[in-house]
Protein chains: 2
Amino acid sequence: MERHLDQELKELNKGILKMGAYAEEAIFKSVEALKNRDKELARSVIDNDNNIDKLELTVDERCIDLIARYQPMAKDLRFITTGMKINSELERIADIAVDIAQRTLEIADKPLLKPLVDIPKLAAVAQNMVKVAIDSFVKGDIELAKKVMLSDPEADNLRNLIQKELVEDYMLKDASTAPRAVQLLLIARFLERICDHTTNIAEDVIYMVQAEVVRHHPEKLK
Amino acid sequence: MERHLDQELKELNKGILKMGAYAEEAIFKSVEALKNRDKELARSVIDNDNNIDKLELTVDERCIDLIARYQPMAKDLRFITTGMKINSELERIADIAVDIAQRTLEIADKPLLKPLVDIPKLAAVAQNMVKVAIDSFVKGDIELAKKVMLSDPEADNLRNLIQKELVEDYMLKDASTAPRAVQLLLIARFLERICDHTTNIAEDVIYMVQAEVVRHHPEKLK
């Protein structure tokens with residue numbers, strides 16, 4: 001027979017999945033808006049952030065309420081506290097998408113520098129990392145979480161390449177590109193921060209799963 | 001008679017205070033290193049981050065352990081979950097100080113651009129915000145938390161001024177300054193992110209205190 005708490009935990013899972021979907025969508029739309037210089041789309045990312053903030057609060061409240069009502073032990077407690085952390089990471093990821101949308105609005109009327117260097121590529125890495133990280137939490141799958149962590153150096157590397165190209169091929173050669181290049185550089189940084197938040201999620205999942213393994217099978221720690 | 005849990009909560013407070021002190025110190029040292037082009041000091045910030053990470057883990061474990069052992073209700077539970085959040089914000093603030101130290105190492109051998117525009121000023125704002133935010137948590141003082149939130153626009157404003165000056169007075173006028181100006185621009189962004197994390201702490205404190213007030217005195221919500 002399923003415990004009542006299990007039902008509640010499934011609901012919590014759904015809330016986190018929805019937060020994840022919101023975050024992914026916000027990243028996608030903010031970068032699409034940048035690529036197509038679509039101010040309306042950029043504005044929709046900014047406007048929708050309110051809903052993500054509300055959902056974050058709802059999920060957070062649900063977690064505290066579950067702890068208070070069920071006084072869950074070990075595994076369940078750790079699942080809930082990890083859920084709280086992931087919820088907060090996702091809200092920040094969505095906030096960063098808003099930052100990207102705001103930069104996009106600032107440069108939407110100016111000619112693009114080259115086809116945005118490798119920003120769309122970095123955005124694709126970030127989006128995929130978010131997807132896999134949420135999956136790793138929902139499934140409690142440590143291998144998926146490790147996959148996320150292995151993508152982070154790729155993201156760092158892309159960010160460095162983008163920054164190098166913007167400084168050396170644009171700013172240094174033609175000073176007049178600086179204002180636009182700076183905006184793109186910030187957007188690359190924002191995307192890399194999304195990857196960092198996603199790495200935090202993966203670390204939380206590994207910690208959640210391994211603490212369990214360790215608790216019951218200390219020999220498996222290494 | 002004092003409850004055993006109260007003793008434990010005091011210990012938790014101490015842990016958070018120590019994290020706060022570490023974070024403040026990391027910000028201070030990273031900016032001192034930048035001002036004085038002191039590579040050794042910059043490296044010490046990077047090396048010490050390990051200790052902050054360890055303390056974060058200890059505090060986090062303590063929180064989960066407190067919830068599991070005492071099954072605290074309402075006010076105490078919220079204090080503990082807020083403590084977990086603040087702990088994680090402080091760890092990130094320290095991480096950003098590491099970012100600043102790393103940028104500092106990259107530009108330490110090159111001539112400084114002007115006396116660092118307004119970066120030291122922004123750093124002072126950030127450091128003070130961290131101090132007041134930790135204070136607001138420990139005292140559960142909503143007025144202090146509001147003070148922190150009121151400082152955030154000042155930080156945003158300084159960041160914008162720094163960015164504008166770097167782009168308009170340096171990069172656009174003399175393209176050869178771009179690599180250094182970009183590093184300073186990133187440092188200004190890092191400092192502003194510290195202020196954002198600090199604002200998160202203040203919001204958490206307000207939420208922690210007001211949810212209590214609301215719970216017991218719904219008429220006081222507004």
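Helices here are DSSP runs of H or I with at least four residues, numbered from the N terminus, and the expected span of one is 1.5 Å times one less than its number of residues. With that in hand, take α2(B): its 32 residues reach 47 Å from first C-alpha to last, close to the 46 Å expected.

Some housekeeping. This is a predicted model, where local features need pLDDT of at least 70, side-chain atom pairs count only at pLDDT 80 or more, and totals for chains, interfaces and linings use all residues. Residues are numbered from 1 along each chain as its sequence is written, while chains are lettered from A and ligands numbered from 1 in the order in which they are written.

| Residue | Feature | Value |
|---|---|---|
| B:Gln71 | positive phi just after α2(B) | about 40 degrees |

Buried residues (20 or more other C-beta atoms within 10 Å of their own, C-beta atoms being placed from the backbone) of α2(B) include B:Val45, B:Ile52, B:Glu56 and B:Cys63. Their cover includes α2 and α3 of chain A, along with α1 and α3 of chain B.

Now the interface: 21 residues of chain B are in contact with 21 of chain A, contact meaning C-beta atoms, placed from the backbone, within 7 Å. α3(B) gives the largest share of chain B's side, 7 residues.

Notes:
Two residues are in contact if their C-beta atoms, placed from the backbone, lie within 7 Å. Helices (H or I, at least four residues) and strands (E, at least two) are DSSP runs, numbered from the N terminus. A residue is buried if 20 or more other C-beta atoms lie within 10 Å of its own, exposed if 12 or fewer, and partly exposed in between; C-beta atoms are placed from the backbone.
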